[in-house]
Structure formats: C-alpha cells, structure tokens
Amino acid sequence: MRYDRRYRKLDQYRFIVWFLSLPLLVYGLFVVSPFLQAFFYSMTDWTGYSSDYNFVGFDNYERMWNDDKFWDAARNSVLLLVIAPLITLAMGLFFAYMLSAGGRSRGHGVSGVAGSKLYKIVYFFPQVLSLAIIAVIWARIYSPRSGALNAGLETVGLDSWTREDWLGSSWAIWCVLVVLCWSFVGFYVVLFSAAMSAIPTEIYEAARLDGAGRSVTFFRITFPLTWETVRTGWIYMGIQALDAFALVNVMVPEHGMDVLPSYLFEKSFRDAQAGYATTIGVALFLITLLFAAVMMRLGRRERIEF
Amino acid sequence: MRSNLNRRSLLTRSAAAGLFTVPAVGALAGCASGGGDDGPVERGEETDDNPFGVDPEAELEVVIFDGGFGDQYALDAEEIYQATYGSVQHDKTQEIASRLQPRMVQADPPDVINNGGADAMDIAALIRNDQVLDLNELLDAPSLDDPNVTIRDTLMPSTVEMGQFGSQEVWRLNYAFTVYGQWYSRTALDRLGVEYPRTWDEMLAVCEAAKREGMAGWTYAGQYPYYFNFTLYPFIAKIGGADVMRAIDNLEPNAWRHDAVKSAFEAYHELAARGYVLRGSPGMTHEESQDEWNEYRALFIPNGSWVENESRRNTPEDFDMAVGPPTGLDSSDAMPFETLWASAGEPFFIPADAANPHGGLEFLRIMLGQASARNFTELVSSLTCVRGAADDLDLPPGLASAKEAFEAAGDSLIVPRLPDWYKQLNNEEVGGAIATMMAGDIDPEEAINRCQRAADATAQDDSIQKFQHV
C-alpha cells in the first residue's frame with residue numbers, strides 16, 4: 001500500500017498543497033475575494049460614503065451600456081491598448097537591435113553602434129522617474145505659452161503647426177500616446193537587448209557569411225529568436241497602456257479626454273457613485289482578461305532552443 | 001519527469017489565478033463595513049454661555065483642510081475653545097476624502113470637518129445618507145459677541161443659502177466669503193487711459209485700446225474653463241434677470257436657450273474672434289494665466305477673491321489689484337451694473353455620527369465670533385461670512401475693492417448653485433463647451449446646444465440627486 005504508485009502521487013500532492021496553503025490563503029483573502037466582492041458591489045447603488053446600499057441588479061450595467069462617456073473612455077483606452085505597444089515595441093526592438101547588432105561588422109561577430117553602452121543607460125532614464133513626475137514634466141512641454149513643443153515648432157518654422165491648447169483638445173489622446181511610449185521604450189530596449197545577447201553570435205556569423213544584410217538578419221534571425229520576450233513585453237505594455245491613469249489624471253484637464261481608469265476614478269471619488277464605478281472596474285477587468293487571453297493564444301509557436 | 005510535469009501544471013494553474021490581479025477593481029471593494037466604538041457624549045446643562053450644553057470634559061476633534069488658508073486661524077479659535085471646555089485634537093490635511101471617507105463609512109468621524117480642496121467629500125452624497133448634522137440650532141443660538149442677536153443675523157447674505165440643498169435644513173457653514181468678477185489692475189487701466197467698462201461696447205473699446213499697446217484684453221485658465229462661470233453666470237443674470245440663472249440651476253428644459261444666455265455667449269465669443277484673448281490661454285492652468293496677468297500681458301481675468309493671496313508672490317508692487325462686477329451688455333440689462341456673484345465658500349460641517357456634536361457647534365460659534373473672523377481676514381486676507389468683521393481692518397487693495405464691490409451690489413447678488421449641486425455638469429460639460437468655444441472650435445450656438453444637452457442628461461440621470469432653489 002505504502003509503495004503504491006497512486007499513494008505516492010497523493011503524498012506528493014499533499015506535500016505541495018501543504019506547502020502552498022498559507023500563501024494561497026493570503027492570496028485568496030486579499031486578492032481574489034476583493035474581486036469577487038467587486039462583482040457584488042457593481043450591482044448596488046453604493047455611494048462609497050456610508051455602509052448603506054441597495055441591491056439594484058444589473059441596472060448599473062444597463063446604464064453603462066447607454067453611457068456615451070463610458071464608450072468615449074473605452075475607445076480611448078482601446079486605442080492606446082492597440083497603438084502604444086505597437087509603437088513602443090517596434091522602437092524598442094529597433095533600438096535594441098542597433099545597440100546589439102547595428103554596428104560596423106568587423107570581420108567576425110556582431111557589435112552595437114558606437115557608444116551603445118551609454119545609450120542603453122540613457123534610454124533607461126525615464127524608467128527611473130515616477131510616472132507622476134513624467135506627467136508633470138510633459139504637461140509643461142505641452143503648455144501653449146511657455147512649453148517646449150510650441151517653441152520648438154516655431155524655431156523650425158512650423159508656426160502653423162503650433163496650437164493654443166494641446167491637452168484640452170482632440171489632440172490629447174495623441175499627446176498621451178507620445179508620453180506613454182517615451183516613458184516605456186527604454187525598458188524594452190534593455191529587455192530586448194538582454195534577449196538578443198542570448199542569441200549565439202555563430203548564428204549571426206553564419207548569416208553574414210551567407211550574405212544576409214541587416215534587415216534580413218533582423219527579420220529571419222533576431223525577431224524569431226526573441227519572439228517569446230516580445231510577446232511577454234506586448235502583454236505588459238498593453239496593460240500599462242490600458243491603465244495610463246497617472247498620465248491622464250495629471251496632464252489632461254477635467255473637460256478633456258478620459259480613459260477607463262480615470263473615468264472610474266471620477267465616478268467613484270468625485271461623483272460619489274462607487275457602485276457604478278465598480279461596474280466600470282468590472283468592465284475594465286473583462287477587457288484586460290480578454291486582451292491577455294488573446295495575446296497568450298496569438299502567436300503561440302514552437303519554442304526554439306539554443 | 002512526472003514530478004516535473006506536476007510542478008508545471010501547478011504553475012500554470014497559479015498563473016491563471018494570477019490573471020485576477022488586474023489593476024483597479026479590487027481597490028474599490030474592501031471597505032464597506034465596520035462600526036465606531038466611542039459612544040456619543042451626553043448633552044450637558046444648557047446655559048446662556050453654553051447654549052449647546054457642551055460637556056466640559058469631552059474631547060473635541062477638528063480636521064482642517066490645509067490649503068490656501070492654512071490652519072492657523074483654526075488653531076487660534078481652538079485656543080479660545082480650550083479656555084472653557086475640554087482639549088481639542090487638531091488635524092490638518094490636504095486629503096480630506098482619502099483620510100476621512102473611511103471614518104465616515106465606519107460611523108466614527110471627527111466632530112468638525114473643514115470639507116475643502118480638490119479632494120473634498122461630496123456633501124450631497126453625505127446628506128442623502130443622513131450623515132450630516134442640521135446646523136439650524138447653531139444659527140438660532142445667540143452670537144458670541146451679543147447674546148441678543150442670533151448667529152443667523154450676524155451672517156453675510158447667501159451664507160445660509162449656500163448651506164442648504166433644496167430644503168430648510170442647513171447642512172454646512174461656508175466660512176470664507178468670496179467675491180467673483182473681472183479682476184484687473186488699476187495701474188494697467190490708468191496706463192491705457194481708460195475707465196472700467198460698464199457696457200460690452202465699452203469692453204470691446206478697452207480691449208481694442210489694449211491691443212494697440214500689444215496687450216491682450218483677457219486671459220483665463222483654459223485648463224479650468226469653469227473659471228469663466230465666475231463672470232459668465234452673473235453676466236447672464238444681469239442681461240436676463242436672476243430667474244434665468246435660477247432656471248439653469250434648476251435644470252429646467254431649454255433654460256440654456258434663453259436669449260440672455262445667447263447674448264452672453266456671443267459677447268464672450270466676440271472677445272476670442274476679435275483676437276482680444278491672450279494667445280495660449282486655452283491651455284493654461286490658473287497659475288499660468290494669473291502670472292501672465294500679473295505681468296501686464298492681459299487686462300482682465302475671471303477669478304475669485306482668493307486670487308490676491310494666491311498670486312501674491314508674482315504680483316508687482318504697483319499692480320493695484322481690483323475687482324469689478326461683470327461688464328453688462330447694454331442699457332436694456334434687467335439688473336443693475338453692480339450685480340455680482342458673491343457667496344460664502346470654504347465649507348465646514350458636523351457629521352451626524354460625531355461623538356461630540358455639541359462641542360462642534362460651540363467651536364463653530366466661536367469661529368463666527370468677531371475676534372476669530374477678524375483674525376481670519378488678517379491671516380489669509382479673505383473676507384469671512386461674518387458681517388462687519390472686516391470693517392475697520394486695513395485691507396490689501398484687491399480685498400478692499402472686493403469689499404467695495406460687494407457693498408455696492410446691495411441686494412443684487414447672484415448665487416449660482418450649479419457648481420456645488422452638479423459639479424460634473426458645471427466643471428466638465430459647461431466648462432468644456434466654453435473652452436471649445438473660446439478656442440474657436442465651435443460657435444456660440446453649438447456651445448449652448450452642448451450645455452443644454454448636458455443639462456438635460458443630468459436632469460434625466462437618476463443617479464444624480466436633484467435640488468431646487470427654495
């Protein structure tokens with residue numbers, strides 16, 4: 001009996017369960033249960049100011065469905081979700097490739113452009129700053145009167161491109177997009193550089209010997225071999241873009257654009273509609289879940305070992 | 001090999017559970033129940049000196065918003081309180097809602113709350129939940145300085161009104177008194193050799209004169225375009241009468257389509273269309289626009305009487321700040337030129353669940369005494385809601401002119417309630433429409449349509465509590 005295979009297996013599971021029970025309990029209590037509670041509160045008219053509330057069923061969901069402001073915010077969020085990772089990751093890949101394989105080839109092996117180590121550090125700078133600081137700095141840059149953007153456009157003779165208001169107009173979403181990409185691209189340069197340095201130089205050498213140019217090398221070798229990292233980066237960046245709360249909240253004036261998290265915040269803490277805000281939170285949760293699921297499924301391919 | 005597989009499937013499962021850590025949902029949930037433990041303080045014997053029957057032993061807890069006014073004035077008032085009654089626990093914070101909302105939920109709030117700043121709690125929601133104490137008892141109590149006069153009779157007009165939300169109960173006491181209007185520099189007007197404009201034609205002429213000198217007529221805080229409301233609302237009332245503004249406050253159908261609103265919007269739009277507005281204003285914060293104004297780059301700015309204290313560091317010595325009522329349209333205006341938006345701000349309230357509400361009432365009674373009110377004006381150069389408290393004080397130029405403008409207005413006071421009854425409608429929708437119009441992207445008609453649509457949406461939204469002027 002003791003030496004039965006099934007018993008051994010049970011024993012093994014029991015060990016693992018025992019081992020993990022405490023962290024799982026803490027996780028369930030402080031992470032999973034608030035989420036379940038959130039589903040419940042999304043069906044109440046709770047104001048957030050007292051412990052009284054009424055159960056209203058799916059009223060909040062119906063209201064959300066007919067709420068134009070919600071859809072505006074959702075559209076902005078999804079726009080960022082799609083475009084921000086695209087730009088950030090493309091730039092990250094390009095810079096990382098230039099830093100690790102963009103230099104003059106010196107007979108054998110590959111090297112980055114001159115001063116690539118310094119660039120790597122410089123690119124990473126924004127990552128060190130808190131998003132709130134970045135938002136304040138960029139709000140100054142976009143400031144119409146004294147900001148660097150308008151001044152810069154005037155200096156290069158593009159006077160007609162200057163605007164009296166960047167962040168309160170329909171340009172706001174693009175302004176936020178630029179800052180979002182700027183602040184995260186350095187992180188991906190470093191991440192992708194690490195992934196690229198793991199590719200054996202022999203592969204590059206062989207490609208060079210076969211007469212492959214830089215772009216062929218990149219699309220046939222570097223990109224496929226760093227695919228796993230790119231995909232992980234995509235999910236991470238997507239979630240960052242879906243948030244964008246700090247940037248929008250600090251930079252964009254109240255009458256300007258909203259993204260889902262900032263709309264949620266306003267409903268909850270300005271308009272005292274915590275119940276409805278929770279409904280928006282649930283919607284945000286579902287969008288995130290959907291995004292992660294799609295990304296996990298998309299482009300799953302054989303892992304290449306080297 | 002098998003154990004390897006097991007571990008992997010375990011990791012997969014925990015990773016799936018990990019997906020639940022998506023941001024933002026959980027944060028709202030974990031805080032909806034609980035209960036206070038301190039029992040309420042019993043009401044003691046009521047005497048002439050102690051009309052609320054404060055227990056001299058009970059502790060009082062006061063939380064002050066630490067904004068432009070600081071908290072020294074409250075500390076001074078607390079000293080007076082402590083001379084007679086128990087000790088005061090004093091707290092100051094900029095994060096009123098973040099700090100106090102959990103305590104409101106737990107029914108364990110402080111005794112007096114100065115509910116100010118950008119992070120103030122939504123008083124309408126608190127009232128709906130019966131969490132606020134009615135202050136009528138305070139208003140009917142004898143004042144500190146003269147036992148024969150009730151506190152109600154010592155207050156500036158609109159103070160009681162600002163504490164009401166569609167019924168006779170007075171839920172909050174607004175302590176500071178703000179005069180809104182067109183702020184300007186007397187020096188700048190003198191340099192141009194012009195008088196303060198009383199009609200819109202005069203306004204356009206003054207702006208034209210300024211433009212010839214390379215100066216803009218107006219600037220404003222484009223990031224907070226609802227600053228425009230400070231002059232726009234009384235302007236509307238002046239053209240069409242106070243009822244137009246009351247209809248807007250009451251969210252009546254087509255209230256925004258009144259001719260007076262149309263004239264006011266067209267007048268403001270003309271400023272922008274003729275190039276009298278300082279370039280870049282649409283994207284400025286209130287501080288940036290005030291700085292430009294202080295540097296004589298623009299003549300007028302819509303603002304409130306806190307601006308003198310707020311922009312003090314950048315105001316030139318010779319600026320000679322002043323405020324005037326909003327310029328009228330022409331001789332057909334329904335209300336006199338002096339018509340002004342002046343109202344009490346900086347709200348204080350006593351939570352219904354407070355442990356020592358009588359102490360809170362007594363504290364507010366002390367604040368409403370002449371000594372504390374004068375002290376407030378001297379400390380932060382703002383008027384208070386206490387009548388006559390600033391009469392023989394030596395006031396800085398802006399505040400002195402605000403006082404003059406207020407006295408000249410007499411009964412022609414406008415107190416729009418849109419900003420505190422329907423904050424989102426006022427700040428975001430009306431503000432947004434005005435911002436877009438002043439930036440030249442839409443015409444006045446479209447701006448009015450946007451305001452009306454937003455007002456209708458608010459009127460139909462069941463989740464927003466509605467109020468009516470009483």
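Analyst: Setting aside neighbours within four places in sequence, Thr458(B) is in contact (heavy atoms within 4.5 Å) with Leu251(B), Tyr422(B), Leu425(B), Ile464(B) and Lys466(B). The model is predicted: local features need pLDDT of at least 70 and side-chain atom pairs count only at pLDDT 80 or more, while totals for chains, interfaces and linings use all residues. Residues are numbered from 1 along each chain as its sequence is written, chains are lettered from A and ligands numbered from 1 in the order in which they are written, and side-chain values use heavy atoms, with hydrogens and water left out.

Thr458(B) lies in helix α20 (residues 444-460) of chain B; helices (H or I, at least four residues) and strands (E, at least two) are DSSP runs, numbered from the N terminus. With a relative accessible area of 5%, Thr458(B) is buried, where buried means under 20% relative accessible area, exposed over 50% and partly exposed in between, for a 1.4 Å probe and protein chains only.

Ser311(B) is likewise buried, at 3%, but its place is the loop between α14 (307-310) and β7 (321-324) of chain B. Beyond four places in sequence, Ser311(B) is in contact with Gln290(B), Asn294(B) and Met321(B). Ala83(B), by contrast, belongs to helix α3 (residues 72-84) of chain B and counts as exposed because its relative accessibility is 69%.

Turning to the partner chain, 53 residues of chain A are in contact with 56 residues of chain B. About 4,700 Å² is buried between chain A and chain B, and carbon and sulfur atoms give 58% of that area; buried area is the accessible area (1.4 Å probe) that two parts lose on being put together, summed over both. Tyr49(A), Arg145(A) and His255(A) supply 17% of the area that chain A buries against chain B, more than any other three residues.

Between the two chains there are six salt bridges, each a side-chain nitrogen of Lys or Arg within 4 Å of a carboxyl oxygen of Asp or Glu. Glu428(B) forms a salt bridge with Arg270(A), with the closest N and O atoms 2.8 Å apart. On the side of chain A that touches chain B, the elements giving two or more residues are α1 (5-41), α12 (260-270) and α13 (274-297) of chain A. The largest share of that side, 13 residues, comes from α1(A).
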